[in-house]
Amino acid sequence: MPRTARILLARGALDLPPRRTELERALKAWLVALAATSTGLLSAGCAIERPEPPAGVLSVSIEQTSAWVRNFNPLLPAGAGRWPTRNGIYEPLQIYNGVTHRWVPWLGSEATWSDDLRTLRVSVRRGVRWSDGAPFTADDVVFTFELLRKHKVFDSNDVWSFLESVRTGDGQTVEMRLSRVFVPGMDSLLQQPIVPRHIWEKIADPMTFTNPEPVGTGPFTEVRVFRNQVYELGKNPYYWQAGKPAVDGLRFLAFPSNDQANMALIEGAVDWSANFVPAIDRTFVARDPKDNHYWSPLFGSTVFLYANTARAPFGDVRIRKALSRAIDRDKLVQVAMYGYTRPADATGLSDAYADLRDAEAGAADWMRYDTAAANALLDEAGALRGPDGMRRTAEGSPLRIEIQVVSGWSDWVRGGQVIASALREVGVDAKLRLYDMSAWIDHLQRGDFDMAIAWSGEGPTPYRFYRWLMSPETVTPLGQVAASNWHRFGDARAGELLQAFERTSDPAEQKRLMHDVERRFVELVPAIPLFPGPLWGAYRTRRFEGFPNADNPYAKLTPNAAPEALLVLVELRPKVK
Amino acid sequence: MGYALRRLGFYLLAAFASITLNFLVPRLMPGDPASAMFARFQGQMQPEAMTALRASFGLDAGSTFQQYLAYLKHVFTGDLGRSIAYYPTPVTDVIGTGLAWTLVLTGVAVILSFALGTFLGTLAAWRRGGLLDSMFPPVLAFIGAFPYFWLAMFALYLFGFVLGWFPLRHAYSYDMTPGPTFGFFLDAVHHAVLPAATIVVATVGGWMLGMRNNMIGILGSDYITMARAKGLSQKRVMWRYAARNALLPSITSFGMALGFVLSGSLLSEIIFSYPGMGYLLVQAVRGQDYPLMQGLFLIITLSVLFANWLVDITIAWLDPRTRANE
């Protein structure tokens, strides 16, 4: 072919689209490859695992993470060790049952105060063995408390601030000698997880020990499987409660968020869960009304609206009362909590302290929604309305309030919106400000806030709760980090009452003192109670039974209560088909 | 070779600067790890525990400068310290729970997405106005514009929950022991399909559009006309002449994307309960876990720098012009 012809032909090709066949071939090859992979995957898809764990293995969803980190050290602050560390592997001397309000003897069969209330004598249960077969003795208890003394990190409840010595005479009883009379200290002493001396005395640095193969006295001690997405514990072969546990093992799947955990619960991959399930009646219960249940009693920490009493005008009790009266709590619990809780009463106590609640004090008028009364109180406190209808402080500057809430905590964010608009109704220029959690807690601890929505302290008795809210001992100057009493409120009289409470073990006297504290709280309004927190708990009875519920409230249902979950773990049993 | 070495010197300097920033930035955040951990327990932890926490994390040890020197020493000896959020597990162990999974899942997804997008982009530009060109870019741009969260949730719901073709969570089955067996490999691939596919679908449109636009520019240049005039095969002109040059800008972005692979893909990890670096990173920031944050940032910065260095070399190899001013 002449050279020109070749060029012309090539030129002609430029105006033509590229040959279709080539493109088609490429696409076809690609489609074939795609089809081949998808059929391969489809056939693999038939082999999808059954969601339910093997018979007898209880699947629990409590901690959220994308990958498990192996740590069963029970002495590190809560949260470092995996959940079963304090709820299955290691056990305390006694367990406080927050539902029945009784101490349940566990490794310590009996605990009594000496007459001067300076010594707590605990008899150690006989016949208990560690999961390696070695006998459990009073020496183990003494050794554990000595570890706490040696390593400050392990002493989360600061027991050595009131302890003088822990000794055993006969190997069967432990004598805990206190440096001062401090009855509430019993809570921390009796609920301390006990570790075996013969193992831990060989650990060079217990602080950095992750205890991968735990030896405990609890019902579930054998780590069968530990992988980044699942781990399983088997029964303790030597468990001291005859015939228990009836459950063969515990399985924990890794879920990074509530949504994934809830999907697993609905699907049947989880039997017992501590997560909040939105619209639980429709999404969970309705799928299997016979076997899917939940029980979320109001034993959780009460949620408060804290006003920084070290900042004007919140130091004035009339202002705090007025702000409380401006809030419609019935609406608040519907909007913020979808009606899963009820408005708090004036004592702020949740149902966990129902036995010590003074109903009369709880009915105080400043908890009732009444905008007229709120307006009157604000006027009385000198916060009068300006020409624009908005109030000014007694000094004449506009009354502006910033309410700090953690961004993304949608229940509190909704609550904050309800409160802010309620306060604007009575002429207070309130705004909701959202912060990242670390910034928010930093502001609270340093007292760098006007108002904030936050939780409150918990414990077996309301002692810690009120100490947090109004004891002069917990007041920290603005700018310094305060672990509790963020609103900086201290009352000398309340402090005295709480100190008197520390010095009595008589239930009648305790009740009388606590009622006095409650009345003091209601009079002074150190913080504004909003609603008691529900303890989320959901379970399926398709495979297991024996869960506590409203009809059989023998303990808290939520696995989120250490060490009370032990009470439930030994009662659960596989369902006989 | 000299060129590669000179670039290496520059990257070493950049690495040092970022190591220093790694130390400083987490400490500029408000709050501290003990408070963050205390806050996680919402009143269940007694206030006394804060003091114990502070002591255990060694937060009050030494001045910031002393801490910096200790940190430098540790970085060069490969000791990343102990995580605070997962105390007392070493940072290397914590990162180890997710590193390999992220590397495989996100790495494969990025490579697949790049290869597929580039391939489709080349074809689309070659047959401009054809079916591929008029259909794919708008459809992919449309899908890519959906929030990834929504797309992934939808895929999980449809293919996992409703149709049951793929597992709902995790990187492998509970009853499967990880190991170099064919069964485990198949199982892992089966688990990775949904997360990887959603990442590919969400990102392939960008690669395709980029490549298509570069190709169109290149196809108009004289040397392509020349190549055709020489009578070279269509295939050869398309791939060896046009695509090779059109690839250069894409290679740079690909290098960046590869470098960031190790930062994981948070949303796919959360939605598919997949282990990985993205979730660890968020946990570290939430828990003010300085050692873990430093460890993760270090790995990410080093991999970004390394990927960029590779890109520099690749470009120098693909494009002689970058070597011209030596």
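In which hand, left or right, does α6(B) cross α11(B)? The crossing of α6(B) past α11(B) is right-handed, meaning that the near helix is turned clockwise from the far one by less than a right angle. Helices here are DSSP runs of H or I with at least four residues, strands are runs of E with at least two, and both are numbered from the N terminus.

A quick word on the ground rules. This is a predicted model, in which local features need pLDDT of at least 70 and side-chain atom pairs count only at pLDDT 80 or more, while totals for chains, interfaces and linings use all residues. Residues are numbered from 1 along each chain as its sequence is written, and chains are lettered from A in the order in which they are written.

**The helix pair in chain B**

The angle between α6(B) and α11(B) is about 145 degrees, and their axes lie 11 Å apart. Axes are lines fitted to C-alpha atoms over the stretch in contact, and angles run from 0 to 180 degrees between N-to-C directions. Among the residues making the contact are B:Phe114 and B:Trp126 of α6(B), with B:Leu247 and B:Phe254 of α11(B); contact means C-beta atoms, placed from the backbone, within 7 Å. By class, this contact has nine nonpolar, three polar and no charged residues. Nonpolar covers Ala, Val, Leu, Ile, Met, Phe, Trp, Tyr, Cys and Pro; charged covers Asp, Glu, Lys and Arg; the others, Gly among them, are polar.

**Where the chains meet**

Chain B has 62 residues in contact with 61 residues of chain A. Helices that each supply at least two residues to this side of chain B include α6 (99-126), α9 (182-219) and α11 (234-259). The residues on that side divide into 33 nonpolar, 19 polar and ten charged.

**Backbone details to look up**

Most residues other than glycine have a negative phi, and most peptide bonds are trans. The table gathers some exceptions.

| Residue | Backbone feature | Loop |
|---|---|---|
| B:Pro88 | cis bond with B:Tyr87, omega about 0 degrees | between α4 (64-76) and α5 (91-96) of chain B |
| A:Val525 | positive phi of about 45 degrees | between α16 (507-524) and β17 (528-531) of chain A |
| B:Ser273 | positive phi of about 45 degrees | between α12 and α13 of chain B |

A:Val525 is buried, with 24 other C-beta atoms within 10 Å, and B:Ser273 is buried too, with 29. Buried means 20 or more other C-beta atoms within 10 Å of the residue's own, with C-beta atoms placed from the backbone.

Notes. Contact = placed C-beta atoms within 7 Å. Buried ≥ 20, exposed ≤ 12 C-beta atoms within 10 Å, placed from the backbone.
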